[in-house]
Amino acid sequence: MIFLEFRALSTLPERVEEPPQEEPKEVPQRRGPKSTNPILEHRHIYPEFLPDPNPKWRNSLREKMERADMLKRRQQIDIPEFYVGSILAVTIADPHAQGKTNKFVGICIERKGCGLRAEFTLRNVVDHQGLEVRYDLYDPTIDKIQVLRLEKRLDDKLFYLRDALPEYSTFPLDMDPEILPEGTPVPVNPLKVKLKPKPWLERWERQELKGIANIEQYLTTTNRLNRKLRQTPWEKFDLMKQYRKTIPMEEQSDIWSEVNNQLQQLQMARKKMARKRTFTAPKTQLG
Amino acid sequence: MSTNNLKLLCTKFNNLKINYVITRTASNWKPPKYRPPYWYMPKERVLTEDNLTQDNRMFIKEIIQDKLQAQAAMESPLENISQTETMQWTPGKKRVGLIARKIGNYPMWDKDGKKVLTTLLQVIDNHVIKYIPPENFKPMIHKVKQPQEHRRLGCMLVGAENIDPSTVTKDYCGLFNSVGMLPKRHLCRFMVSPEAALPTGTPLYATHFRVGDHIDVRAKTIDRGFQGVMKRWGFKGMPASHGVTKTHRRPGNIGAGGEKARVWPGTKMPGNMGNRWRITRGVKILRINTKHNIIWTLGVAIPGETGAMCYLFDTVLPLKKHKTSPPFPTQPPLDNLPLEYYDDSIHEFESPTISFEEI
Amino acid sequence: MFKSLITKLCPSQLTCGFHTTACLNEVRLLTRLRVVDNSEIGMRAMAEGKPPKIICVYNKKRVGFIGDRVMVAIKGQKKKGILVGLKQIQNVKVPKFDSNNIVLIDDNGTPLGTRIHVPIPTILRTILKERTHAKGADYTKLLAIATRFV
């Protein structure tokens, strides 16, 4: 299981680390692998900086140009740290209504793509109507990306919210941002959603999802049998599959050391802005 | 006397080698016909164990390094020729092209906020190796004497990507030695007007083309191997059920009976798919990087996979030809070029966020 | 009648054996839609649990996309409508809805209702403006009765 600790993610979605309270005895043993290169931790915050691991599409110069372009765009707007399960507000310039902007609030249910192709999907229920909007992360028409609530969920893709009760994906459009104190780790929301009865869009019972509370009550014996037949418990031991889906540590450290400087500067600028905001926020409320 | 003869015979026998290797190929597949041009020198060399010491290897490496530095320091012959001496561009004239490597695709956005996919082409170490004027250029060697033909265009050889001279044959190196260069991995022939001829050893850069120009790209398509008719020609196949057996992906009928009871030439059949030379015409250039010599082109229709070589030249499409004079015969190396050129329609990543103003 | 027979024969708890991947969710002939305006006929059809069915899509592909005009059978009548929200996977920045929504119009493009009670994609502003002819139907009246754009 050591390789899981070293696992370097790229296209694989962010997987939530297990909360440390469950196994406090193992903490001293864990210290070894965790005290590796600190810049490798960027892979959780900026997963799109890692290239697609498919060797057919790799080229070092193209990846370098792509990263440079991404950093140039990041100089223009502040793309904050967010995860699947965070609640975002995205403001875009609207070409269909000249001179206006369009703001959408929702929970991030998916994050995918490498480089400039990076995308994320927001979901919300507005006027009892479920809505999903997909955005390009580096789209120049995006005016502002604001994180309203920074948190993770138990799963790495939240497509099951489409089949869940609507209150689990309802967020008010005029939600206020919740500011986490500096230095706190990103909280994991242990919320378990309740599904609507069948028919469903996908066979959620086969996907080993942790964030669903009441799936067992809708399953028949046939469903349970099929679930057992289609389980692939050996896949987590498939080293080759892991290797093909990830970027090796050495290449990652090269990539991160190349962009680390500028990312640090951007992070500093963001922190400064956050401090200013904490001072000014009460004033606006008073006024 | 006889012992001498015997010894000679023995040495001769010792020198004899049996170099007969059976190569097995599919009987019905023939490689595409290829007739090398007369300036072509065989490049592949049989690699043997040279038994060199470590010092000698280092020495060879040093020499290659020295040559590389000398090549880099060599100033472009264009600098000596003043601008007034060079010819002026007129619409009929044909310029030289470039050899580039396809290094991938990524999206860019235009000024209306629309996403466009681009292909990146890198121009690596392009140098003019040889120029053959039209009167000397006779590509076809005929057995029967031909009536004298009048040629308009000369032949220009361009090489790309330096390689280690010890990996190629001596003949191939000789092509480049006469110009004072290390051998190149890729060599290509471009037909140019005599006015656009360049002196040998001229380096070519990505700025040979301008942003907003249209180019033609010639490259080999992806080799897909032996494929059936559904993949190769887009046939529909046959139904999966309704009593159909054993013919779900087969072509079906390949000809009629009667007078035409044979297979007509050109019938679409299974076979080797891809690995053919194809030209994509009228590709627009959106952005040029002068430091790494990268050209961004619109669309993903450049043939070949990532890392494939392709040949770029001015388009022949009548509506997309040059309207104004391009760098003629080519762009001389300048120090004060801007790092990047962008097309007018493309949103630069450095520029601020797009907002749609009220009209 | 058929539906009730099928549900009797195979209870809804049993999954269907044919369909294994996410479907395309295309709007085509005989698709059931959701009326989202407050026209009387639409409100009654939705309240009775008999949502309208498509009987014609007015484009070459015969698959409805956003902003397309369709003819529906609703409560025994033929009515025209405009698709204002689709379940299908959409382009970037165009919202994907959880149901296929329709707004009923008459032949001149005037909506039958007076209010739309769900959000409307803002891309419809451009699409409907393009489809409107100077002398023919005017579809932009639909935009005037929308309450919210996303």
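Residues are numbered from 1 along each chain as its sequence is written, while chains are lettered from A and ligands numbered from 1 in the order in which they are written. In this predicted model, local features need pLDDT of at least 70 and side-chain atom pairs count only at pLDDT 80 or more, whereas totals for chains, interfaces and linings use all residues.

View 1. Chain C holds 4 helices and 6 strands. Helices (H or I, at least four residues) and strands (E, at least two) are DSSP runs, numbered from the N terminus. Their order from the N terminus is α-β-α-β-β-β-β-β-α-α. Of the 150 residues in chain C, 35% are buried. Buried means 20 or more other C-beta atoms within 10 Å of the residue's own, exposed means 12 or fewer, and partly exposed lies in between; C-beta atoms are placed from the backbone. Two residues are in contact if their C-beta atoms, placed from the backbone, lie within 7 Å. Among contacts in chain C between residues at least 6 apart in sequence, 55% link residues at least 24 apart. pLDDT is the predictor's confidence in each residue, from 0 to 100. Its mean over chain C is 86, with 85% of residues at 70 or more. Residues 1-15 of chain C have pLDDT below 50; beyond near neighbours in sequence, this stretch has 7 contacts in the model. For the complex, the predictor gives an ipTM of 0.84 and a pTM of 0.85.

**View 2. Chain A against chain B.** Here 25 residues of chain A contact 26 residues of chain B. Helix 4 (residues 60-76) of chain A gives the most to the chain A side, with 8 residues. That side has 8 nonpolar, 6 polar and 11 charged residues. Ala, Val, Leu, Ile, Met, Phe, Trp, Tyr, Cys and Pro count as nonpolar, Asp, Glu, Lys and Arg as charged, and the others, Gly among them, as polar.

**View 3. Around B:Pro107.** B:Pro107 lies in strand 1 (residues 98-109) of chain B. It counts as partly exposed because it has 16 C-beta neighbours inside 10 Å. Leaving aside neighbours within four places in sequence, B:Pro107 contacts A:Leu116 and A:Arg117, along with B:Lys115, B:Val116 and B:Leu117. B:Met269 is 162 residues away along the chain, and 37 Å separates the two C-alpha atoms.

**View 4. Chain C against chain A.** In this pair, 20 residues of chain C contact 23 residues of chain A. Strand 5 (96-97) and helix 3 (123-131) of chain C are the elements that give two or more residues to the chain C side. Helix 3 of chain C supplies the largest share, 3 residues. By class, the chain C side has 9 nonpolar, 6 polar and 5 charged residues. Strand 4 (residues 129-136) of chain A runs antiparallel to strand 5 of chain C, joined by 2 bridges. Strands pair if DSSP finds at least two bridges between them. C:Phe97 is the bridge partner of A:Leu131.

**View 5. Two hairpins of chain A.** Strand 2 (residues 101-112) and strand 3 (residues 119-126) of chain A pair antiparallel over 5 bridges. A:Lys112 has A:Glu119 as its bridge partner. This hairpin has 6 residues between the strands, and A:Gly113 takes a positive phi near 90°. Strands 3 and 4 of chain A also run antiparallel, joined by 8 bridges. A:Phe120 is partnered there by A:Tyr135. Their hairpin has 2 residues between the strands; in the turn, A:Asp127 has a positive phi of about 50°.
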